[in-house]
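Welcome! Please open the structure in your viewer and keep the selection tool at hand.

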Amino acid sequence: MFHLLAVCTGNSTRSIIAEAILRREASDRVHVSSAGTNPLGRVHPGTLRLLERKGLDASGLRSKSWTEFAPPLPNRPDLILFLCPAAEAELSVAWPRGPMSTLWEIEDPAASQSELAFDLAYIRLTRRIDALLTQPIEEMTRDGRRWTLDRIAETGGA
């Protein structure tokens with residue numbers, strides 16, 4: 001099964017939201033995980049409130065390190081979705097020949113703590129994930145996957 005890893009620095013908001021959306025929308029097609037380059041060790045309370053409001057299952061979600069998915073472990077991802085540039089910069093140095101990746105920069109809703117910020121992150125992630133899932137990503141060639149990822153990053157999934 002195709003393995004997708006959503007990564008941000010703390011793995012408490014954006015990557016957790018992405019994991020929950022992908023689990024709901026594509027669990028039959030994609031194995032999804034999330035991680036952080038500097039995990040906080042807890043899911044942000046605002047994230048948990050958002051997931052509850054959106055009817056997304058939060059069971060099993062936890063803040064964890066990307067090292068759980070690093071080689072030579074067997075659960076290495078096929079695709080990494082970086083949700084902040086800091087995580088991309090840190091991980092590309094630590095894992096220079098890693099799997100295909102893309103940067104879908106999403107502002108950290110925890111920075112403002114507002115419900116609106118969490119909703120905006122959810123909307124932006126949902127658009128991009130929906131755009132990704134309309135494609136047969138698990139069957140695409142590397143070039144096809146790269147083109148699709150770049151297009152979604154440029155358009156925000158619109």
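This tour goes from the whole chain to a single residue.

**The whole chain.** Start by selecting everything, and keep in mind that this is a predicted model. In cartoon view, look for 5 helices and 4 strands in the protein chain.

**Overall dimensions.** Turn the model around: along the principal axes, the C-alpha atoms fill a box of roughly 40 × 30 × 25 Å. A compact globule of 158 residues would have a radius of gyration near 15 Å, so the 14 Å of the protein chain agrees with that.

**Surface and interior.** The accessible area is about 7700 Å², with 50% of it belonging to carbon and sulfur atoms. Of the 158 residues, 50% count as buried. Colour the charged side chains next: there are 19 positive and 20 negative ones, and the centres of the two sets lie 2 Å apart.

**Strand β2.** Select residues 30-36, which make up strand β2, and pick out Ser-34 within this strand. Is Ser-34 buried or exposed? Ser-34 counts as buried because its relative accessibility is 0%, below the 20% cut-off.

**Around Ser-34.** Show the side chains of Ser-34 and Glu-19: a polar contact of 2.6 Å joins them.

**One last look.** Zoom out again to the whole chain. Among contacts between residues at least 6 apart in sequence, 71% join residues at least 24 apart.

Notes:
Residues numbered from 1 in each chain as written. Predicted model: local features only at pLDDT ≥ 70, side-chain atom pairs only at ≥ 80, totals over all residues. Heavy atoms only, no water. Helix = DSSP H or I, 4+ residues; strand = E, 2+ residues; numbered from the N terminus. Rg over C-alpha atoms; globule rule 2.2 N^0.38 Å. Buried < 20%, exposed > 50% of the residue type's maximum accessible area, 1.4 Å probe, protein only. Contact = heavy atoms within 4.5 Å. Areas by Shrake-Rupley, 256 points an atom, 1.4 Å probe, with all protein chains shown as cover. Lys, Arg positive; Asp, Glu negative; His and termini not counted. Charge placed at Lys NZ, Arg CZ, Asp CG, Glu CD. Polar contact = N/O pair within 3.5 Å; in protein donor to acceptor, adjacent residues only side chain to side chain.
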